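User: Hey, I've got this protein open on my screen. Can you walk me through it?
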Amino acid sequence: MKRKYIRTLFYGGLLSLCCLGLASCEDYLDKAPESSVNPDDAFKNFRNFQGFTEELYYCIPDFAHGYWNNSFNWGEDEIISFSIDYHMGYKIDMGDFWGWQSEHDGWQCGWMDRSNTVANSTDRFQKSLWKLAWYGIRKCNLGLENIDKLVEATDEQRNMILGQLYFFRGWFHFELMQYFGGLPYIDSVPSSTEPLRNPRLSYQECADRAAEDFRMAADLLPIDWDDTATGAPTFGNNQQRINKVMALGYLGKNYLWAGSPLMNYATNGSRTYNADYCKKAADAFAELLNLVESGQTQYALVDFEHYSDIFYSFKQNSKNPGSTEAIFQTPMYDWWMGSGWCLGPQFVPSTMANETNGVVFSPTANYVNYYGMANGLPLTDPDSGFDKEYPWRDRDPRFYNDITYDGLQVIQNTAKFNEEQRNKQIQYANLYTGGCYRDVKNESRTGYLLHKFAPLLVNGFDEGLRDYGDALTIQVSWMRLADIYLMYAEAAANAYGTPAATGNGCSLTALDAVNKIRERAGVGAVADKYSGSLDGFMSELRRERAVELAYEGHRFNDLRRWLLLTEYPYTIKTSQEFDRVELNEDDPTQSRVANFREEVILTRNYGEKHYWMPLKVADVNIYPEFYQNPGW
């Protein structure tokens, strides 16, 4: 992505000058930096105005690469090495939701708030959601208020500037809303001389305002910048620029979130879906999917043979992952952000890494249970064929793509083994109870490991763990096409009360959309016993989201919006305990185990207040209308 934005324009224009934003504004009291730039020059032509707009892309935080190891899966999906207490995932487990704030996080490793946040930077350590969202909102409003100064531009260029500004204003508000609830919707540049009095809106009122911005953006933006005269100078490098598909995707997501049980309860006191918002969501997703299904976009589901291309590239000259499925991504802030010093190693245990210690994020056994059987049935279904003596046999193909299970050969090059490593046969993932891959500090706490984001060859013996430079590039998308199909299914089914429902003008039913994702993975369709009722269908849809979007940062917000975060069994994290009876080295899926059972290793004690994050005390003290969330 090009970085020709005007660095000096609004470097000091943080929302702390006017609202809830960054740290001290003392450096800017004498003279605002923007006063040194002629505003007519800044906005007079497309090149300059786009330069101003470019900085908004650098306000997108990188939740997967913001620290040396990264916590962004806060549902019941993973657990961190024992004694690691500085990550937000640990604080979430303890019910300490204050931990998202930099003043409560001495390590400064969380991606939601950092004291050293800088918009005009390519340092991933200087990005955080809270500060950059408010900064970005102000910047969007500043651009919109100066659009009449854009006199040297075509209609297409003007529309593309406006479309980006409307999109980002909606996006920043949406990302804050989903964690904190309804907020003031800021649609103008606040005055520095007048006191703040913007009231918090209800969640659905805020969503309506965001929807207006997303709709405006979708109507103004092209499907692909490469197909426009404006995008021609950066042809081939426009894939991350905001377009119509991104705007429609977030329009639908914004409406679905507004219609979900938590948001409907917060606004109307009802713990059910709001059908009207779900209809709006289904229609927005239908508009998007009609474009995709008719071949009018650059997006398509990746065939399962190349499924890993969505998540990482290995030895492909730092190729950006995502393929045709990634819709909205974070900019690649540092050339080495996806290398061995970032996301990949946190899933590699010390034995496999050939290191003495490390931080390991382990998939929980309760979550791995969502990966059903290849026939499409959940493990708990009596017709599934699941056998506790052969628990790795005939599973959903995504299980084998994502999860490292007992007996899987994870190291190929045994020539580097010392005598102890050779005796323990560490080339196999010894994840049985008492196995050498099961230490709670430096190995798996649960009996499973994750390899969704890196090939197994990335270890301390084959390709090396810390010395492969930029050979491995990892990217976790904010939004990808499979998610659109699943959100469409959820919206349509709950809008009309049946899995047979469709969005406006779309031939896909809710059931069709879920089965399309399953078919791609080689998994059996939703069984008739589940597709015959809304409740049965939703149980399978929730499971499908858990599997398809596993460990991509969605689960925590899904549990919250479904009002399941405080409900058993979503409050427990378990380990898989078993004895290895027979290891089949040629085909570990056929290995036999005994005493297969689960044990609870953590229970999260949550109350109603945990459905929303607490706002900063300093911010809620600014004025009464900006009040704290209940219980905090």
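User: Let's start with Leu248. Where is Leu248 found?

Analyst: Leu248 has its place in helix H7. Helices here are DSSP runs of H or I with at least four residues, strands are runs of E with at least two, and both are numbered from the N terminus. Keep in mind that this is a predicted model, where local features need pLDDT of at least 70, side-chain atom pairs count only at pLDDT 80 or more, and totals for chains, interfaces and linings use all residues. Residues are numbered from 1 along each chain as its sequence is written, and side-chain values use heavy atoms, with hydrogens and water left out.

User: Got it. Is Leu248 buried or exposed?

Analyst: Leu248 counts as buried, at 0% relative accessibility. Buried means under 20% relative accessible area, exposed means over 50%, and partly exposed is in between, using a 1.4 Å probe and protein chains only.

User: And what does Leu248 touch?

Analyst: Leaving out residues up to four places away in sequence, Leu248 touches Arg215, Ala218, Ala284, Glu287, Leu288 and Leu291. Contact means heavy atoms within 4.5 Å. Ala284 is 36 residues from Leu248 along the chain, and their C-alpha atoms are separated by 6.0 Å.

User: What about H8, which of its residues are buried?

Analyst: Helix H8 covers residues 261–268, and Pro261, Leu262, Met263 and Asn264 are buried there. The buried residues of H8 pack against helix H6 (203–220), helix H7 (244–259) and helix H18 (555–561). H8 is followed by Gly269, with a positive phi near 80°.

User: You mentioned H18. Where is His554?

Analyst: His554 is in the loop between helix H17 (534–548) and H18. It's buried, with a relative accessible area of 10%. Not counting residues up to four places away in sequence, His554 touches Trp478, Asp483, Arg545 and Leu549.

User: Switching topic: how many helices and strands does the protein have?

Analyst: The protein comes to 19 helices and ten strands. Its radius of gyration is 24 Å, close to the 26 Å that the globule rule gives for 632 residues, so the protein is as compact as a globular protein of that length. That radius is taken over C-alpha atoms, and the globule rule is 2.2 Å times the number of residues to the power 0.38.

User: What does the C-alpha trace span?

Analyst: Along the principal axes of the protein, the C-alpha trace spans about 75 × 55 × 50 Å. Buried residues make up 64% of the 632 residues. Of the contacts with a separation of 6 or more, 71% come from residues 24 or more positions apart.

User: How about the surface, what does the accessible area come to?

Analyst: The accessible surface is about 22700 Å², and 46% of that belongs to carbon and sulfur atoms. Areas come from the Shrake-Rupley method with a 1.4 Å probe, and for residues only the protein chains shown count as cover.

User: OK, tell me about H5. How many residues does H5 have?

Analyst: Helix H5 (residues 155–180) has 26 residues and reaches 38 Å from its first C-alpha to its last, close to the 38 Å expected at 1.5 Å a residue. The expected span is 1.5 Å times one less than the number of residues. H5 is mostly covered, with 22 of its 26 residues buried. Just after H5 comes Gly181, with a positive phi of about 85°.

User: Which residues other than glycine have a positive phi?

Analyst: Among them are Ser318, at about 60°, and Asn354, near 60°. Most residues other than glycine have a negative phi, and most peptide bonds are trans. Ser318 is in the loop between strand S2 (312–314) and strand S3 (326–328), and is partly exposed with a relative accessible area of 30%. Asn354 is in the loop between helix H10 (350–353) and strand S4 (361–363), and counts as partly exposed at 41% relative accessibility.

User: Where is there a cis peptide bond?

Analyst: A cis peptide bond joins Tyr568 and Pro569, with omega about 10°. Pro569 lies in the loop between H18 and strand S9 (572–582).

User: Last one, Tyr67. Buried or exposed?

Analyst: Tyr67 is buried, with a relative accessible area of 12%. Tyr67 sits in the loop between helix H2 (46–54) and strand S1 (78–80). Leaving aside neighbours within four places in sequence, the contacts of Tyr67 include Trp107, Arg124 and Cys342.
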